[in-house]
Amino acid sequence: MATMKDIAEQVGVSISTVSRVLNHDNSRRISEETKHKIWKAAQQLNYRTSLAPRRSATAGQRAQTQSSVKTIGCILSLPDNKYNHPYYSPILQGIEAKLLEEGITLAFLHTQAELKSDAVRHALLQDRPPNGVICVEGMDKAAYHWLKERVPFLVGIDVADPDIPVISYDRLNAARTAVQHLLNHGHRHIGFIGGAGLFGQLEREKRYRGYKLACEEAGVEVRPEWTIDAAWDADRSYKEMQLLLQQRQLPTAMFCASDMMAIAAMRAVIEQGLHIPDDMAFIGIDDIEFSKYSSPPLSSIHIPKFEMGYAAAKTLLDSMSNPYPFPFRMLLPFRLMNRESTMKLQ
């Protein structure tokens, strides 16, 4: 049976675009040519949709449906760039795709920085208070407590609240797998680039712990001078890597807790006249779209970003109609993407 993903791959558009067209959602502009291609692909693939019976509903039925429409929002742990972030955008596409399958559009999208504004908080609750909210990654305690007191249903993506359903992946073992890949390629001098996050302590960050665990298991020294806390900022990763390259002894490989920090650090290495992976190998986590187009293409741990968003939206909708008896934590699988930025030492 054909799926929206099959249609998206055939037409060359995102799944959320396919979902909008098939659900007659006009909240975003989509060209008539693209709409035509999507409907044509749906017909060729024999995609079955239940929209026809919905469109033939009586006015009374439509009024009843509209009155019961769920208001769903999303909060991102970002200071800005919420609409075009290479890691968060696929998660949002997954959320929107599932909501649109149910005839629901995302009511609002705010960053946790925006949530600190009294005006935003007032507007968020004034007209139609949200029935549910998806929180993507951590928030400061005060903002999260405020949200949790006022929203009936919450689902988290990579949050640390044991009282709500959470969709995530095993960050520690994802990092461990990345470092083991470097170890298997002969590297014994491995540095780290990451960020302390909300905890303010690098030792508490799971990807750093996974890096450290893999090194300890292999008897490899973790050297503080090769450890960079870039605070999840690509610019800072680039600048800190420039400083690291001034050291007399350099690591032969770097494990980076995000692809964006990895790509920025790789630029600093190349500008120094060094070669990747001959002089220094790199591996990241996330497998963002740009990773396969970096020079050289970046090895990375693929995180199922779209699927996490889709699962979070489904979990939220299921919770509203039939609440789960207890909170749970769903871990989605990750996989290694081996590209040219890593190699086996001679």
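Glu225 is partly exposed, with a relative accessible area of 35%, where partly exposed denotes the range between buried (under 20% relative accessible area) and exposed (over 50%), as computed with a 1.4 Å probe on protein chains only. Its salt-bridge partner is Arg223, the closest N and O atoms of the two residues lying 2.8 Å apart, and Arg223 is buried, at a relative accessible area of 15%. A salt bridge is here a side-chain nitrogen of Lys or Arg within 4 Å of a carboxyl oxygen of Asp or Glu. The structure is a predicted model, in which local features need pLDDT of at least 70 and side-chain atom pairs count only at pLDDT 80 or more, while totals for chains, interfaces and linings use all residues. Residues are numbered from 1 along each chain as its sequence is written, and side-chain values use heavy atoms, with hydrogens and water left out.

Under this rule, the count comes to 15 salt bridges. One of them joins Asp163 and Lys148, whose closest N and O atoms are 3.4 Å apart. Asp163 lies in the loop between strand E4 (153-157) and strand E5 (166-168), whereas Lys148 belongs to helix H9 (residues 141-150), so the pair ties together parts that are 15 residues apart in sequence; helices (H or I, at least four residues) and strands (E, at least two) are DSSP runs, numbered from the N terminus. Asp163 is exposed, at 54% relative accessibility, and Lys148 is partly exposed, at 31%.

A further salt bridge connects Glu217 with Arg176, the closest N and O atoms being 2.5 Å apart. This pair links distant parts of the chain, since Glu217 is found in helix H11 (residues 206-217) and Arg176 in helix H10 (residues 171-184), 41 residues apart.
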